[in-house]
Amino acid sequence: MLDQIIQTKKEEIKNLILPEDEKLPRVSFLNALLNSQRDVGLIAEVKKASPSKGLIKENFHPVEIAKAYERGGADCLSVLTDSPYFQGKREYLTQVKKAVNLPILRKDFIIDTIQIDEAQRIGADAILLIGEALEPTLLKELYQYATELSLDVLVEVHDQDTLDRVLKVITPKILGVNNRNLKTFETNIHQLKAMAVTVPKDTILVSESGIHTNEDLQLVQQYGANAVLVGESLMRKDDQTLAIKQLFGEIIHG
Ligand SMILES: O=P(O)(O)OC[C@@H](O)[C@@H](O)c1c[nH]c2ccccc12
């Protein structure tokens, strides 16, 4: 699946026309995670659909969801901008950025510097770089390019091999371990367990995907996660503010 997505992105890039710079204020994604009010930081994801789950939210209103996440005390947001596979749009990110004060990650498959220029212009505060999708030299180039544009970077890996390859070329400030294998879509909530010891100690470690309950959250925290990235389980609820509080065990019923 990942290979197919990357192929699609190569085609998209050929036709990509950069939008006007929205000139929106940059907010530090890194600091928001470092200064979380909770023991575990939260990156809450605004996502309408995914290739593994299909349509997640009918009547999808990204701005309303983002505001509800902010009221629930999310530290950061992640907004899907990929349209063929996730039914996202770059306009969603800009609309959300204008409506909330939280730093925003552009969730997409970035393989070229032009997409980083695009992310900056539409109002992203951070970008995602996926270890499994990028050769180490390209990963390093894109990481440095984003950093020069004052964008934070969430570097994501799924397995130990990729992590080892990534750490040979960069020491990411924020590292995500994706519980979902993007080639097979299988999710394993224990993915981080054995890998956490090999993560540099000053790196913020984010556990991503398949986190549904407060038990899941506590488990990945025990494995060493400093933050979580949660989409589907929050999106499926009617009230995203309440959903966050339930995830953190702050309300038992409701
Ligand atoms: O909806 P979930 O299972 O809570 O997962 C969120 C996020 O981790 C997932 O959307 C994701 C992780 N890495 C990605 C890379 C591209 C697109 C999407 C993703």
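This is a predicted model: local features need pLDDT of at least 70, side-chain atom pairs count only at pLDDT 80 or more; totals for chains, interfaces and linings use all residues.
Strand 10 has pairing partners in strand 1 and in strand 9. Strand 1, residues 41-46, pairs with strand 10 in the parallel sense over 4 bridges. Here Gly41 stands opposite Ala227. Strand 9, residues 204-208, also pairs with strand 10 in the parallel sense, over 3 bridges. Glu208 has Leu229 of strand 10 as its bridge partner. Strand 9 and strand 10 also belong to a β-α-β unit, with helix 8 as its helix. Helix 8 covers residues 214-222, and the unit is right-handed.

Strand 10 also takes part in a pocket lining. The largest pocket has a volume of about 340 Å³. Strand 10 gives two or more residues to its lining, as do strand 6 (126-130) and helix 9 (232-235). The lining comprises 29 residues. Nearest the centre of this pocket lie Glu45, Lys47, Lys107, Arg180 and Ser209. By residue class, the lining holds 11 nonpolar, 9 polar and 9 charged residues.

The second largest pocket contains about 190 Å³ of space. Its lining is made up of 15 residues. Glu12, Thr81, Arg106, Asp108 and Glu118 are the closest to its centre. Helix 1 (2-14) and helix 5 (113-122) each give two or more residues to this lining. Helix 1 gives the most, with 3 residues. Charged residues number 8 in the lining of the second largest pocket, beside 4 polar and 3 nonpolar.

Helix 4 runs over residues 90-99, and its buried residues are Tyr92, Leu93, Thr94, Val96 and Lys97. An α-helix has 3.6 residues a turn, so residues three or four places apart point the same way. The cover over the buried residues of helix 4 includes helix 5, helix 3 (62-71), strand 4 (76-80) and strand 5 (104-107).

Several loop residues were also examined. Ala194 lies in the loop between strand 8 (174-178) and strand 9. Ala194 counts as exposed because its relative accessibility is 61%, and the cut-off for exposed is over 50%. The C-alpha atom of Ala194 is 8.2 Å from that of Tyr223. Along the chain, Ala194 and Tyr223 are 29 residues apart.

Most residues other than glycine have a negative phi. Lys23 is not a glycine, yet its phi is positive, at about 50 degrees. Lys23 sits in the loop between helix 1 and helix 2 (29-34). With a relative accessibility of 70%, Lys23 counts as exposed. Asn59 likewise has a positive phi, near 45 degrees, in a residue other than glycine. Its loop runs between strand 3 (54-55) and helix 3. Asn59 is exposed, at 66% relative accessible area.

Terms used:
Residues are numbered from 1 along each chain as its sequence is written. Side-chain values use heavy atoms; hydrogens and water are left out. Two strands pair if DSSP finds at least two bridges between them. A crossover is right-handed if, with the strands pointing away from the viewer, the path from the first strand over the helix to the second runs clockwise. On a 1 Å grid over the protein atoms alone, a cavity is a set of points where a 1.4 Å probe fits but cannot get out, and a pocket is an open set with protein on both sides within 12 Å along at least five of seven lines; lining residues have an atom within 4 Å of a point. Grid points are joined across faces, edges and corners, and a volume is the space filled by probe spheres set on the points. Ala, Val, Leu, Ile, Met, Phe, Trp, Tyr, Cys and Pro count as nonpolar, Asp, Glu, Lys and Arg as charged, and the others, Gly among them, as polar. Buried means under 20% relative accessible area, exposed over 50%, partly exposed in between (1.4 Å probe, protein chains only). Contact means heavy atoms within 4.5 Å.
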